[in-house]
Amino acid sequence: MSIPFVAALAAGTDLVDPVASEGRLLLAALLGIGVIVTLIIAAKIHPFLALTAGALTVGITAGASVEVAIASFTGGFGTTAAGVGILIALGAMFGKLLADSGGADQIVDTIIGHASPRALPWAMAVVGAIIGLPMFFEIGLVLLMPVIYLVARRSGQSLVTIGIPALAGLSAMHGLVPPHPGPLTAIDYLGADLGMTLALGVAVAVPTVIIAGPVFGMVGRYVDVQVPERFEGQPQSESAHRPTFVVTLASVLLPVVLMMGKALADIFIDDETDPLRRTLDVLGTPLIALAIAVVVGMFTLGLGSGMGRDGVAKSLESSLPGVAGILLIVAAGGGFKQSLVDTGIGTIVAERVADSNVSVLLLAWFVAVLIRLATGSATVATVTASGLLAPLTEQLSSGEVSLMVLAIGAGSVFFSHVNDAGFWLVKEYFGMSVGQTLKTWSAMETLLSVSGLVFVMALNLVI
């Protein structure tokens, strides 16, 4: 565990004025972000190196020693690589199997065959929402990318037009709808009613996804992004036949079902020693669920399509080089985020805002937004804002507490930028520049967040 910068600063300097200390921490965060943007955009430095430099800038400017700054960055880097990195690798293996076996083509042909060109973005939004319900954003994105690529390629539409609705569905579930871990954490911290929060979450998520997804996705016609060849499948002749749509869909949804089973077991089975809950908890762990999906996919997608053992091995092996750069960038993004978290800037900002006299729902959203902007983590924003604002729920009705959960969730996805590992994941998978990613992904996240708040406030008028 890295040493918090705040503790290091207090122990190693004579700065006792809290205002001066907070000003220094804010300056450190701004300088770190500025270094990253400048190195990438102006100096054309690789994002991995830019993120590393930005993280060290934050630590040193905040007053920590070089050793502490390095420890914080490497701690965040290692944690992200061990968590998200492994999932990206497993997801890449599954995605390559899906492409090489013809399974992704089967899904795409079925979707295109039953949806008009105008309806494709709407269909992708629904798919993104379903996949994203029990999953963290990064996992859902990895699973969806082969389908997004092929739908865009086959339909002739912009990768942004097809991909943004799917990302909107994923992100909305991440922030608004239990049993996703983010909303569940806020529900627990604030003492909200799960059933009411779920119902209100769906009511907010549906129109929010429509606005931030298919409607905003039309901006894709103005952003020229070529579909990468990362998950390009083998020539069809190398596979004897495609797996059926039912088999392919079942293989894709297997990790979704396993994770959903874990989430439902945690909700409805109170006894943690119950054999069924323990089994579902193990099978639904993201690492286990994706590993099972890869093993099952080797049979249903690989051997089932006639690829043979050599073909399956070749497919799995060739999946990893294409995501090596993504792994480094995402892990470095996690290191930079940890550097910001260790400064304590999120907590400092939240405490100052909590003293203001504004609407509780607007305050909850704004606090989550500030922590999200400062740390780059939706989860950190949700947990910190929920814990900080929990005392404010004493005078609220059950419905208002549920809306407070949703307001925090909406704020937690606001404007993803360079300190968010998800920003770099989207940028690299879509093959966009930093500017294009800001215009599309970051703008979509902002629209999703603001739309979510608007619908939460509208429901508050009724409740």
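**Exercises: a pocket and a helix pair**

α5 (103-114), α6 (120-132), α7 (137-155) and α11 (245-268) each supply at least two residues to the lining of the second largest pocket. The model is predicted: local features need pLDDT of at least 70, side-chain atom pairs count only at pLDDT 80 or more, and totals for chains, interfaces and linings use all residues. Residues are numbered from 1 along each chain as its sequence is written, and side-chain values use heavy atoms, without hydrogens and water.

**Exercise 1.** Describe the lining of the second largest pocket.

Step 1. Define the pocket: on a 1 Å grid over the protein atoms alone, an open set of points with protein on both sides within 12 Å along at least five of seven lines; lining residues have an atom within 4 Å of a point.

Step 2. Take its space: about 300 Å³. Of its 16 lining residues, Ile107, Ile111, Val127, Phe245 and Leu249 are the closest to the centre.

Step 3. Find the main supplier. α6 gives the most, with five residues.

Step 4. Sort the lining: 16 nonpolar, no polar and no charged. Ala, Val, Leu, Ile, Met, Phe, Trp, Tyr, Cys and Pro count as nonpolar, Asp, Glu, Lys and Arg as charged, the others as polar.

**Exercise 2.** Work out how α10 and α21 are set to each other.

Step 1. Read the geometry. Helix α10 (residues 194-215) packs on helix α21 (residues 434-462) at about 140 degrees, axes 9 Å apart.

Step 2. Classify. Angles under 35 degrees count as roughly parallel, over 145 as roughly antiparallel, 65 to 115 as roughly perpendicular, the rest as oblique. The pair is therefore oblique.

How values were computed: Axes are lines fitted to C-alpha atoms, for helices over the stretch in contact, and angles run from 0 to 180 degrees between N-to-C directions. Helices (H or I, at least four residues) and strands (E, at least two) are DSSP runs, numbered from the N terminus. On a 1 Å grid over the protein atoms alone, a cavity is a set of points where a 1.4 Å probe fits but cannot get out, and a pocket is an open set with protein on both sides within 12 Å along at least five of seven lines; lining residues have an atom within 4 Å of a point. Grid points are joined across faces, edges and corners, and a volume is the space filled by probe spheres set on the points.
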